[in-house]
Amino acid sequence: MKRTHTCGELRSADIGKKVCVQGWVRFSRDHGGVEFIDLADAYGITQLVFDPEDISGGDRNSISEALRSFTRESAVSAEGIVRKRVKGTEDPKNKTGEIEVLITKADVLNRSRTPPFELGDQKESVLPGEETRLRYRYLDLRRPEVNEALRFRHRFVKAAREYLDKSGFIEVETPMLTKSTPEGARDFVVPSRVHPGTFYALPQSPQLFKQLLMVGSMDRYYQVARCFRDEDSRADRQPEFTQLDMEMSFVEMIDIQNMIEGLVAYIWKSLYNKKLETPFERISFSDAMNKYGSDKPDLRYGLPMISVTDIVKDAEYDIFQKILSKDGTAIVGFNVKHEIAGDKIGRNEVDRLISFVKSAGLGGMTWMRATKDSLDSNIVKYFTPEIISKLRERLDAKEGDLILMLAGPKKNVLETGGLLRSKLADDLELTDKDTFKFAWLVDCPMFEVDPASGKKDPFHHPFVLPTTPLDTENAGGASFDLVLNGIELGSGSIRIHDPELQRTVFKMLGISEERIDENFGFFLEALGYGAPPHGGIALGIDRLVSILLGKESIRDVIAFPKNKKAQSLLDGSPQKVDDEKLEELQIISMAIGDIDIEDIE
């Protein structure tokens, strides 16, 4: 290769060497006839210097002519001698900041147009909007922050592959053109030219195929799997995303969880050279909802909800009495410790919190401030000294602590409490971005039941093995989630391996026998050939990498993401296709271009 070193490689030990560096002109400046150029590549920046007094006449002219064509972001090649920078001009923030390269030859490899935005290591405030950066994503990728995010992602996946290989897993690719099955989200469909009028579906996940691999004795499978879901995009969702997908035969839930903890700890050591504490905390679904109002609780801070229904039910407070007169209601309390909040939540802030709670769907919020021996607020007169004493004890209230209470339908109270807890954590700056708190959500229900219609939907998916009789009111399922800092990283479960039990679950979800056979007949048939007990999990690679890098959106760790409207601003997709293609696929064209507007009128 003509290039001898990258732009992030040269050090003081290389002084005196003749080198060739190649990259993009990031910045250039003229200091009294001496030109300085910052040459950048994927590995760093090297300062080039053209000093006419150090170059002979003919070479000086050719170099000078080349430099005049060095527009910003042009790809260039420069040969020269490494020398120490003049004392006082070193750049300690740059790993090559002690040296510079005195140019002896220079060539333009490809002249660049004026870039639409600066590509240096810019502060967020001077960057253009995301839409512009996605439109020119190939340029955005040159920015050190974006470039390093993708390299970090590479190291993450590499470490995962290393661990799984050492643990006896094999990597198997599953089909991208599959059968459309009702598994939750909408499918992307692909028409077949060979079989007109029929369609493939892009996989929402490799779920059925990885279970079939277990039937086929693969025993331990994994895949860095591309998945597709035709649903609304948001910060942590894209129409196409990547999972670290895996499945194991002859296992129980604890085996899968232990394997994932070992995997994450191995990745952690590879990325940070630090030991990750395991095992991860385990919290039941019921406790998570009752204490934190979320099935993906952020455990970096406290602020648990505590039920006080039994304590305040006899208080002569009309609001509580009216609420508790109805079935399915509850009252919970928060203790916002003075040692945490200090004086940050005064009366005005309490009013704003009340407005927040109302916007979330509850009628309001009750508050009290703990004094040395009692509680203080404008409603304390409705609470007997005995009730106040029990409240203080239950909520562990000390002088200066702020008590917040929510009342209403239990489901609404818990969900609103979860939102209020997150808001308090943000307002009080309790979420340390350098702290990573993993947890397992366990003891999950088998179904979610619509209170109005009684219709059952799977809590995770319809392939989860029941852990209690299906006819019980709150049937449990052998499923679990891995949670990090209030974000779900992935779901796992032990699967149903008995075809008749799987058929029964499908029926309970309202799927007819005809639809079962049409959509899942091949799968049930396979389970009937001695399918082993098996289970697995899928972790969202985009999501986990974005959390580790402190990114607001998974778009920041995907090379070519879609925008919030699931559009690719880079290539303009999705877009219409020619009528000829639609006719070849025997799809009726809906293009209005063939219609005469006058005929419509």
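In the open sheet of five strands, what is the order of the strands, and which kind of pairing do they have?

Author: This is a predicted model, in which local features need pLDDT of at least 70 and side-chain atom pairs count only at pLDDT 80 or more, while totals for chains, interfaces and linings use all residues. Residues are numbered from 1 along each chain as its sequence is written, and side-chain values use heavy atoms, with hydrogens and water left out.

The open sheet of five strands has the order 12-13-16-14-15, and its pairing is antiparallel. Its edge strands are strand 12 (306-307) and strand 15 (375-376), each of which pairs on one side only. Strands here are DSSP runs of E with at least two residues, and helices are runs of H or I with at least four, both numbered from the N terminus. Two strands are taken as paired if DSSP finds at least two bridges between them.

Strand 12 is joined to strand 13 by two bridges, and the two run antiparallel; Ile306 stands opposite Gly333 in strand 13. Eight bridges then connect strand 13 with strand 16, again antiparallel, and here Ala330 faces Gly408 of strand 16. Beyond that, strand 14 (residues 366-370) and strand 16 (residues 402-409) share four bridges and run antiparallel, with Trp367 opposite Leu404 in strand 16.

Buried means under 20% relative accessible area, exposed over 50%, and partly exposed in between, with a 1.4 Å probe and protein chains only. In a regular strand the side chains alternate between the two faces of the sheet. From strand 13, Thr329, Ile331, Gly333 and Asn335 point one way, whereas Ala330, Val332, Phe334 and Val336 point the other way, and all are buried.

A nonpolar core is a set of buried Ala, Val, Leu, Ile, Met, Phe, Trp, Tyr and Cys residues joined through side-chain atoms within 4.5 Å. The largest core has 41 residues, of which Phe156, Leu164, Leu244, Met246, Ile260, Leu263 and Phe438 touch the most other members. Apart from this core lies another, of 24 residues, and among them are Val332, Ile354, Val357 and Leu428. In soluble globular proteins, nonpolar side chains tend to be buried together.

Val357 also takes part in a helix pair. The axes of helix 11 (residues 347-359) and helix 13 (residues 410-427) come within 10 Å and cross at roughly 145°; axes are lines fitted to C-alpha atoms, for helices over the stretch in contact, and angles run from 0 to 180 degrees between N-to-C directions. From helix 11, Leu353, Phe356 and Val357 meet Thr416, Leu419, Leu420, Lys423, Leu424 and Asp427 of helix 13, contact meaning heavy atoms within 4.5 Å. By class, this contact of helix 11 with helix 13 has six nonpolar, one polar and two charged residues. In this count Ala, Val, Leu, Ile, Met, Phe, Trp, Tyr, Cys and Pro are nonpolar, Asp, Glu, Lys and Arg are charged, and the others, Gly among them, are polar.

Elsewhere in the chain, eight strands form an open sheet in the order 6-9-10-22-21-20-17-11, with mixed pairing. Strand 6 (170-171) and strand 11 (281-284) are its edge strands, each pairing on one side only. Strand 17 and strand 20 run antiparallel and are joined by four bridges; Phe438 stands opposite Leu484 in strand 20. Helix 5 lies across strand 9, strand 10 and strand 22, at about 25° to strand 10.

For the chain as a whole, there are 18 helices and 22 strands. The C-alpha trace spans about 100 × 75 × 70 Å along its principal axes. Of the 601 residues, 46% are buried. Among contacts with a separation of 6 or more, 67% come from residues 24 or more positions apart.
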